[in-house]
Amino acid sequence: MPAWLLLLNVLLAPGVGLQVPPDAPADSTFHAVTYVEVSSASTRTAIDALRRYRDVNRTRDGFIRIEIFEQIGRPGHFVVLEAWRDQKAFDAKDPAAQKQLLTTLAPIRVSGYDERPYKTLSTARGSGTPDRDAVYVISHVDVAPTSPIKAPELLRSQAEASRKESGNLRFDVVQHTMRGNHFTVVEGWRNQQALDAHVASAHTRQYRDTIQPGTGSPLDERVFKAID
């Protein structure tokens, strides 16, 4: 066998080739995704409370970011995304701020404060710059435990392809820390037109066609605006 062909066979062999170095540090970032809904008349009160919670925790050790999103067309429907250096930093966040937030939300909420723990699967910024026309899609992807679909690989591939689109601001995928078949996808797009172009793209149609037979529930995609 020619030497070049032997080398190619080695590189393409399972577990060989593009591998993560054994000494590469693992991504310890801890993510929390929280869903909460308040009465539409109390939207301003909820936003003020969420902002206070975010601003107080900015000074804590290990803080990376807290982002607040409100669903477009549904006032009072919020998603809060938190990123901390690790689980320990998250657990040490300001307890008084957490208590104050929950106390303020208690009389106005119409759903529980549903906080879920996640770890990084694939996160990176896109090439675009956000402005006031930016829209965000936050999706919960639930893959049936018995499905033969390799969901992590499929989601990584979709994330990498989507970040190359001109209107993409971000495409992040996080995986539930205890239920590995549950994922949250966070997409940012320059405007609605960029999102529409993404939805119609060949790679997005292929992604949806591939993952749909293995999902345990319909893809739950909702469009949001960022709250500064």
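User: Which residue's side chain forms a polar contact with that of Thr 184?
Analyst: In this predicted model, the side chains of Thr 184 and Tyr 118 are joined by a polar contact of 3.0 Å.

User: And where is Thr 184 found, in which strand?
Analyst: Thr 184 belongs to strand β7, which spans residues 182-189.

User: Is Thr 184 buried or exposed?
Analyst: Thr 184 has a relative accessible area of 0%. Because buried means under 20%, Thr 184 counts as buried.

User: What is Thr 184 in contact with, leaving aside neighbours within four places in sequence?
Analyst: Its contacts include Val 33, Tyr 35 and Tyr 118, and also Ile 138, Ser 139 and His 140. Asp 172, Val 173 and Val 174 are in contact with Thr 184 as well.

User: Changing topic to helix α7: which residues are buried there?
Analyst: Within α7, residues 202-211, the buried residues include Thr 204, Tyr 207 and Ile 211. They lie on the same side of α7, because the arc they cover around the axis is only 60°.

User: Which residues are exposed on the other side of α7?
Analyst: Ala 202, Gln 206 and Asp 209 are exposed there.

User: What covers the buried residues of α7?
Analyst: The cover includes β5 (135-142), α5 (151-163) and α6 (192-200).

User: How do the axes of α6 and α7 cross?
Analyst: The two axes come within 5 Å and cross at roughly 60°, so α6 is oblique to α7.

User: Which residues make that contact?
Analyst: From α6 there are His 198, Val 199 and Ala 200, and from α7 there are Ala 202, His 203, Thr 204, Arg 205 and Arg 208. The residues of this contact divide into 3 nonpolar, 3 polar and 2 charged.

Definitions and conventions:
Residues numbered from 1 in each chain as written. Predicted model: local features only at pLDDT ≥ 70, side-chain atom pairs only at ≥ 80, totals over all residues. Heavy atoms only, no water. Buried < 20%, exposed > 50% of the residue type's maximum accessible area, 1.4 Å probe, protein only. Helix = DSSP H or I, 4+ residues; strand = E, 2+ residues; numbered from the N terminus. Arc of directions from axis to C-beta. Contact = heavy atoms within 4.5 Å. Axes fitted to C-alpha atoms, helices over the stretch in contact; angles between N-to-C directions. Parallel < 35°, antiparallel > 145°, perpendicular 65-115°, else oblique. Nonpolar A, V, L, I, M, F, W, Y, C, P; charged D, E, K, R; others polar. Polar contact = N/O pair within 3.5 Å; in protein donor to acceptor, adjacent residues only side chain to side chain.
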